[in-house]
Structure formats: C-alpha cells, structure tokens
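The sequence and structure are shown first.

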Amino acid sequence: MTTPNKTPPGADPKQLERTGTVREIGSQAVWSLSSCKPGFGVDQLRDDNLETYWQSDGSQPHLVNIQFRRKTTVKTLCIYADYKSDESYTPSKISVRVGNNFHNLQEIRQLELVEPSGWIHVPLTDNHKKPTRTFMIQIAVLASHQNGRDTHMRQIKIYTPVEESSIGKFPRCTTIDFMMYRSIR
C-alpha cells in the first residue's frame, strides 16, 4: 500500500506542464469505463471542469481503462477527488494497473484515500524512479467512503516526460506564449 503524493491545496497538475518537463497525453488514448450513468461518462472525466464527474453505475470494482495505440512512457497519473462534494461517492481505495492488454495487467500501486480534497499525484515509476512503459493503464476503484456503492471521479490526467532535444540542449520554453508553439512541426 502506498500513499499518493499530495500536492498543496489547490495545486493543479498543469503546473507540472508549465515546467516543461512533462506533457499531458490523455488525448492520445482510448478511454472506456466499466459503467456510467447517462451524461456522467468519459467526456465529463476529461473536460477540464472540476464541477463535472464520472459516476459509475454498477457493482465494484469500478474501472477506468486507458489504452494507447503504441507502447507509451507514463510518469505520473493525477486524479481529482473531492470528499466534501461527493461524500460516499468518493473513492477510498484505488488500484492502478498497467500492461499490454486486459489479460496481463499488473498492479503497480494501491492507494488508500482518506477524505481526499484536490489533486492526487500518483507516480507511475519503478523503484529507480524510471517511468513506466505501457500500452494500457487501468484505474480500479475498489472501495468508496462510507461503504458507498458507486463512485465519482472528477478529472484524470496522465503525464509523460518531455525528452531532451536531439539537436542539442536548448533552454526550455515554459511561458504560456512559448508553450502554444512547442508542437509546431
């Protein structure tokens, strides 16, 4: 059982991106859920709005499946949870699994959450702090607070490390003005 890296209250994982060392890659994946109430699915989980959420609709474990088209390096998983708003729907025990497909997933982290409020940063690294390479990530909600049946998750973000330039070492452009041009090819 590991404890997630809690960020200071209000800390946004986008601050990680502004350092220029990581980038969010959730849009490169295919997302699926074990169940959801109509209007409370993947779109709400990925809409950058902390007021919307995925709501499961079935028996536990509740699953979020994130599949990449090619083997992908992942460094950090960020989950937004809010006990004050969601009470018994708030996850209290989460398993994070990685693998090539549904048939060979291996648990790499199991988290116990006690009334979480804000972003939870989960490192997806090995014992040597090396990022994980995987085709698939599965987040399993094993239990909710107050023995709740269904769950709410407000946002999930996945980050990969930014590779150094092969041309040479240039200073990282981290201002918002520069970042909007960083992927022009």
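## Accessibility and the model

A residue is termed buried when its relative accessible area is under 20%, exposed when that area is over 50%, and partly exposed in between. The model discussed here is predicted. D57, at 35% relative accessibility, therefore counts as partly exposed.

## The antiparallel sheet

Strands of a sheet pair through backbone hydrogen bonds, in either a parallel or an antiparallel manner. In this model, 5 strands form an open sheet with antiparallel pairing, in the order β3-β5-β10-β7-β8. The edges are taken by β3 (29–33) and β8 (106–112); each has a single partner strand, so one side of each is left without a neighbour in the sheet. With direction ignored, neighbouring strands of this sheet are turned by 15° against each other on average.

The antiparallel pair β3 and β5 is joined by 5 bridges. Across from S32 stands N65, a residue of β5.

In soluble globular proteins, nonpolar side chains tend to be buried together. The largest nonpolar core of this model has 27 residues, and I137 and I139 have the most contacts inside it. Two or more residues each come from β3, β5, β6 (76–82), β7, β9 (117–123), β10 (132–144) and β12. Of these elements, β5 gives the most, with 4 residues.

Which residues does I137 touch, not counting those up to four places away in sequence? They are V64, N65, I66, F68, V74, V96, R97, V98, L124 and I158. A second, separate core has 5 residues, including V22, C78, Y80 and W119.

Side chains of opposite charge can pair when their charged atoms come close. The salt bridges in this model come to 5. In one of them, E24 pairs with R46, and the closest N and O atoms are 3.0 Å apart. Because E24 belongs to strand β2 (residues 22–24) and R46 to the loop between α2 and β4, this pair ties together parts that are 22 residues apart in sequence. Both E24 and R46 are buried.

Another salt bridge is formed by the side chains of K37 and D57, with an N to O distance of 3.6 Å. K37 lies in the loop between β3 and α2, whereas D57 lies in the loop between β4 and β5, so the pair links parts that are 20 residues apart in sequence. K37 is partly exposed, since its relative accessible area is 30%. D86 and R154 also meet through their side chains in a salt bridge, at 2.7 Å from N to O. As D86 lies in helix α3 and R154 in the loop between β11 (152–153) and β12, the pair ties together parts that are 68 residues apart in sequence. D86 and R154 are both buried.

## K157 and its surroundings

Salt bridges with shared partners join K14, D48 and K157 into one network. Is K157 buried or exposed? Its relative accessibility is 6%, so K157 counts as buried. The side chains of K157 and D48 make a polar contact at 2.2 Å.

Apart from neighbours within four places in sequence, the residues in contact with K157 are P13, E24, R46, D48, T76, L77, C78 and W119. Among them are E24 and R46, which form a salt bridge with each other, and C78 and W119, which belong to the second core.

## Backbone features

Most residues other than glycine have a negative phi, and most peptide bonds are trans. D48, a residue other than glycine, has a positive phi near 60°. Its place is in the loop between α2 (42–45) and β4. At a relative accessible area of 45%, D48 is partly exposed.

E87 is likewise not a glycine and has a positive phi of about 40°. This residue lies in the loop between α3 (83–86) and β7 (91–99). Its relative accessibility is 46%, so E87 counts as partly exposed.

The peptide bond that joins Q60 and P61 is cis, with omega about 0°. P61 is found in the loop between β4 (54–55) and β5 (62–74).

Definitions and conventions: Residues numbered from 1 in each chain as written. Predicted model: local features only at pLDDT ≥ 70, side-chain atom pairs only at ≥ 80, totals over all residues. Heavy atoms only, no water. Buried < 20%, exposed > 50% of the residue type's maximum accessible area, 1.4 Å probe, protein only. Polar contact = N/O pair within 3.5 Å; in protein donor to acceptor, adjacent residues only side chain to side chain. Contact = heavy atoms within 4.5 Å. Pairing = 2+ DSSP bridges. Axes fitted to C-alpha atoms, helices over the stretch in contact; angles between N-to-C directions. Core = buried A, V, L, I, M, F, W, Y, C linked by side-chain atoms within 4.5 Å. Salt bridge = Lys/Arg side-chain N within 4 Å of Asp/Glu carboxyl O.
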